Amino acid sequence: MQINQALPIHCAYCFDVLIASLQQKDVPKPTFQEFDVPVFVTFHANKEDLRGCIGTFSPGPLGQQLAKYTFLSAFKDSRFPPIQTKELNSLDVGVSLLINFQKGKKWNQWEVGKHGIIIDFQEGGREYGATFLPEVAAEQEWDINTTLEHLIAKAGYRKNYQNVLDKIDLTTYETSKAKLTYAEYLELKK
């Protein structure tokens, strides 16, 4: 098994945590190899309706990270009502491990669909920063320039984005992703 690779067992653990939380039971201990990594946990209903997505860029023990961000994604994502037991059959869970961080890149040294990007820059005595996960630009069908225009706006900078391109300190990262439906989870548990 490769370290820093998302696996179905990681997704199954997210369902273990979700079910334990719904039943107000203790969260089980993970049975997979632990390593420190930043993670995002994403729930969808009916394969496409987002039900929660929360994560962190701070590395931590995988089991703890998955337990924490499963709970937050399922019950505390302010965009959605908390997940309920009656929804289990319609759910799938995705685990994204954030890997291969590369700091000190120029604004155009990354690939749409492969890299997530974090930008930081200063302008007018103010600091700006924002991120997009790797799939955002590809899903929106943006090129590098359009992605940066949106990301610079997300950071709060409202003037012409081209004014700050050469001031950007860019970090790239990638994700290792795994996804599991509730039906697949039940099969694994047999």
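In the predicted model, helix α4 spans residues 144-154, and T147, L148, L151 and I152 are buried there (under 20% relative accessible area, 1.4 Å probe, protein chains only). Viewed down the axis of α4, the buried residues fall within an arc of 130°, so they line one face of the helix. The arc is taken from the directions between helix axis and C-beta atoms. These residues pack against β6 (116-123), β7, α3 and β8, with contact meaning heavy atoms within 4.5 Å. Helices (H or I, at least four residues) and strands (E, at least two) are DSSP runs, numbered from the N terminus.

The largest nonpolar core holds 34 residues. A core is a set of buried Ala, Val, Leu, Ile, Met, Phe, Trp, Tyr and Cys residues joined through side-chain atoms within 4.5 Å. L18, F43, L62, L66, L91, V93 and L97 have the most contacts inside the largest core. Helix α1 supplies its largest share, eight residues. L62 touches H10, F32, Q33, E34, F35, V37, V39 and L97, leaving aside residues up to four places away in sequence. Another core, of 20 residues, lies apart; I119, A130, V164 and L165 are among them.

The largest pocket is lined by 20 residues. T42, C53, L133, E135 and K177 lie nearest its centre. By class, the lining has nine nonpolar, five polar and six charged residues.

Residues are numbered from 1 along each chain as its sequence is written. The model is predicted, with local features needing pLDDT of at least 70, side-chain atom pairs counting only at pLDDT 80 or more, and totals for chains, interfaces and linings using all residues, while side-chain values use heavy atoms, without hydrogens and water.

Technical notes
On a 1 Å grid over the protein atoms alone, a cavity is a set of points where a 1.4 Å probe fits but cannot get out, and a pocket is an open set with protein on both sides within 12 Å along at least five of seven lines; lining residues have an atom within 4 Å of a point. Ala, Val, Leu, Ile, Met, Phe, Trp, Tyr, Cys and Pro count as nonpolar, Asp, Glu, Lys and Arg as charged, and the others, Gly among them, as polar. Buried means under 20% relative accessible area, exposed over 50%, partly exposed in between (1.4 Å probe, protein chains only).
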